[in-house]
Amino acid sequence: MRSLIAGSVVVLACAMLVFAQDSSKTDGEEGHLLALESAWNHAEQSKDANALNQLLGNTLVYVDYDGTLMNKTQYLASAMKNDVEEEQINNDGMTVRIYGNAAVVNGAYRDKGVQKGKAFLRRGRFTDTWIRQNGAWQCVASQSTLISH
């Protein structure tokens, strides 16, 4: 009876250790994805096409706040346009859900700048889908929606 209890305790302890390791790995991946979201904002603001190219999957499907549908090439061209000066792009309230080699990040954003000589301030919500391939995360789908408050 004692060996059965001792064996059960060992199995339970091992299970808790595995859960703790998986939990910390998940937390690390969540933090990494949040950092990638911030890197995307910085790359877009500074018009860094190389950084954006690394963050985005070749099969990207991007739905902009106005409903415009773009692939990766179209999105990169749009982000590099000189008629938009991004002064500030901030995300807040982000959540990350990881599903194996896929993850969904959603949150809110504020976008401030000048477009075609006119100042703008936008607030919206976004959902980004990331896929981990060859050890690296890339965004393969992004959608944003304007909100009024």
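Here are a few exercises on this predicted model, each with a worked solution.

Some ground rules: residues are numbered from 1 along each chain as its sequence is written, and side-chain values use heavy atoms, leaving out hydrogens and water. Because the model is predicted, local features need pLDDT of at least 70 and side-chain atom pairs count only at pLDDT 80 or more, while totals for chains, interfaces and linings use all residues.

**Exercise 1. Work out the strand order of the open sheet and find its edge strands.**

Step 1: strands are DSSP runs of E with at least two residues, helices are runs of H or I with at least four, and both are numbered from the N terminus. Two strands pair if DSSP finds at least two bridges between them.

Step 2: walk across the open sheet of six strands and you get β2-β1-β6-β5-β4-β3, with mixed pairing.

Step 3: β2 (69-70) and β3 pair on one side only, so they are the edge strands by the pairing rule.

Step 4: now check the directions. β1 and β6 are parallel, with four bridges; here Val63 sits opposite Gln143, and Tyr62 faces Ser142.

Step 5: look at the turn. The β5-β6 hairpin has two residues between its strands, and Asn134 there has a positive phi of about 55°.

**Exercise 2. Describe the largest nonpolar core and where its residues come from.**

Step 1: A nonpolar core is a set of buried Ala, Val, Leu, Ile, Met, Phe, Trp, Tyr and Cys residues joined through side-chain atoms within 4.5 Å. Buried means under 20% relative accessible area, exposed over 50%, and partly exposed in between, using a 1.4 Å probe and protein chains only.

Step 2: this core has 21 residues, and Leu33, Trp40, Leu52, Leu56, Tyr75 and Trp130 have the most contacts inside it.

Step 3: at least two residues each come from α1, α2 (49-55), β1 (56-63), α3, β4, β5 and β6. The largest share, four residues, is from α1.

Step 4: zoom in on Leu52. Contact means heavy atoms within 4.5 Å, and leaving aside neighbours within four places in sequence, Leu52 is in contact with Trp40, Ala43, Glu44, Tyr75, Leu76, Ala79 and Met80.

**Exercise 3. Is Asp111 buried or exposed, and what does it touch?**

Step 1: skipping neighbours within four places in sequence, Asp111 is in contact with Glu86, Gln88, Ile89, Phe120, Leu121 and Arg122.

**Exercise 4. Where is Asp48, and which residues does it touch?**

Step 1: Asp48 is in the loop between α1 and α2.

Step 2: with 32% relative accessibility, Asp48 counts as partly exposed.

Step 3: not counting residues up to four places away in sequence, Asp48 touches Ala43 and Met80.

Step 4: The C-alpha atoms of Asp48 and Ala79 are 9.0 Å apart, with 31 residues separating them along the chain.
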